[in-house]
Amino acid sequence: MNLKMSDIAKMAGVSKAAVSFALNGKPGVSEKTRKKIFKVIKDQGYEPLRKHKKGGVRKLASISLIIIRDRAGMMNRSYASLPFFDTLISNLTQNIGGFGGQVQIVQLDINHLQDNLNENTALLQSKASIVLATDLNKKQVKLINQKLKNVIFIDTYFKDVNADFISIDNFQGAYLAGKYILAKGYRKIGYVASNHSIPNFAQRRAGFTQALKEKNIEIPPEFIFSLNPTELRGALPQFIHLSKVFPEVLFCENDYMALRLVKEFTKEKIRVPQDIAIMGFDDIFEDTMVTPELTTIHVPITQIVSQAINQLQNKAADHNWLPQKCFISTKLVKRESL
């Protein structure tokens, strides 16, 4: 039966990432959940598709997906529950598993990165690796690129590092958001930033600021706020309780922060978008589970995975390969919160 991983996840009542962990024999799911997943697989007669490419570049037998865990960053201890990761791992596993390959998930600690790399013999011998590099700085990217062969970094970018990168065009996406907010007639604009430094978000900030600058609009300091980018719960920013002047609209650097505000505003009887409009960035599944549904910028994760695999296959097959930096554009998703 030609089931997708998403079908199995739905039948078992679990996330797509949990199905991937179970299929690959990786930790991260309980024994009870693992049994539930394999019962669905057995009952439905699921078998991974096996497609073999004739001619051209040989398909990779396996790919190591490297997760760099950072307690203070996006990839913290609850990273597996993040919508981006869930979609990434399910797409990657389906794509690689579709031709008989396997995704090996490797977790490294950002604070002991060099030791982890030196001690992981299997990883050092891996023929191809994709690094989810959301929290990495330039020095860490260079270290991994030096240690591993045929490695591609996704979800980050450094223009002066000679390595393979695939990243969302964060500047373009946030610029698009800024232009849309202005086109809707808003001028008292607020900005909700991550409370810790993330390279992707810095690019979003630059793109949004550029859009406003072209209309000679600046965000006043009292309209700039910060939140944890991975938490959906928590108190409202102080300005809600202390300020008599609210911005007309808030742009948030990711959807988690935007959804948190929508929920908290609703509790405080502050109407969205009538009293204050909200816009996010990422287009995660939860955006359509709130009222009003969240206006946001769509990130094409499926295209990121496809580009990463194609680029990695060509890199592994070509000894004369030169590093390639790829930006993937975003698009506006209009909903009711703005």
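Author: We will go from the whole chain to the sheets, a cavity and a few single residues.

Author: First, some ground rules: this is a predicted model, in which local features need pLDDT of at least 70 and side-chain atom pairs count only at pLDDT 80 or more, while totals for chains, interfaces and linings use all residues. Residues are numbered from 1 along each chain as its sequence is written, and side-chain values use heavy atoms, with hydrogens and water left out.

Reader: How many helices and strands are there in the chain?

Author: Helices (H or I, at least four residues) and strands (E, at least two) are DSSP runs, numbered from the N terminus. Here the chain has twelve helices and twelve strands. Of its 338 residues, 51% count as buried, where buried means under 20% relative accessible area, exposed over 50%, and partly exposed in between (1.4 Å probe, protein chains only).

Reader: In what order do the strands of the six-stranded open sheet lie?

Author: Pairing comes first: two strands pair if DSSP finds at least two bridges between them. The order is S2-S1-S3-S4-S5-S11, with parallel pairing. Strand S2 (102–109) and strand S11 (325–328) are the edge strands, each pairing on one side only. On average, neighbouring strands of this sheet are turned by 20 degrees against each other, direction ignored; axes are lines fitted to C-alpha atoms, for helices over the stretch in contact, and angles run from 0 to 180 degrees between N-to-C directions.

Reader: Which helix packs on that sheet?

Author: Helix H12 does, touching S1, strand S3 (129–132), strand S4 (151–154), strand S5 (164–168) and S11. Contact means heavy atoms within 4.5 Å. The direction of H12 makes about 170 degrees with that of S5.

Reader: Which residues of S4 are buried on its two faces?

Author: In a regular strand the side chains alternate between the two faces of the sheet. In S4, Val 151 and Phe 153 are buried on one side, and Ile 152 and Ile 154 are buried on the other.

Reader: What is the order of the four-stranded open sheet?

Author: That one reads S7-S6-S8-S9, again with parallel pairing. Strand S7 (224–227) and strand S9 (277–279) have a single partner strand each, so one side of each is left without a neighbour in the sheet. Neighbouring strands here are turned by 25 degrees against each other on average, direction ignored. Helix H9 (residues 199–213) lies across strand S6 (189–194) and S8, running at about 170 degrees to S6.

Reader: Which residues line the largest cavity?

Author: Rolling a probe the size of a water molecule over the atoms shows where empty space is left. On a 1 Å grid over the protein atoms alone, a cavity is a set of points where a 1.4 Å probe fits but cannot get out, and lining residues have an atom within 4 Å of a point. Grid points are joined across faces, edges and corners, and a volume is the space filled by probe spheres set on the points. The structure holds one cavity of 30 Å³ or more, and the largest has a volume of about 40 Å³. Its lining is Leu 65, Leu 88, Leu 92, Ile 130, Ile 154, Ile 304, Val 305 and Ala 308. H12 gives the largest share, three residues.

Reader: Is Ile 144 buried or exposed?

Author: Ile 144, in helix H7 (residues 138–147), is buried, with a relative accessible area of 1%. Beyond its neighbours within four places in sequence, Ile 144 is in contact with residues including Ile 68, Leu 113, Val 151 and Phe 153.

Definitions and conventions
On a 1 Å grid over the protein atoms alone, a cavity is a set of points where a 1.4 Å probe fits but cannot get out, and a pocket is an open set with protein on both sides within 12 Å along at least five of seven lines; lining residues have an atom within 4 Å of a point.
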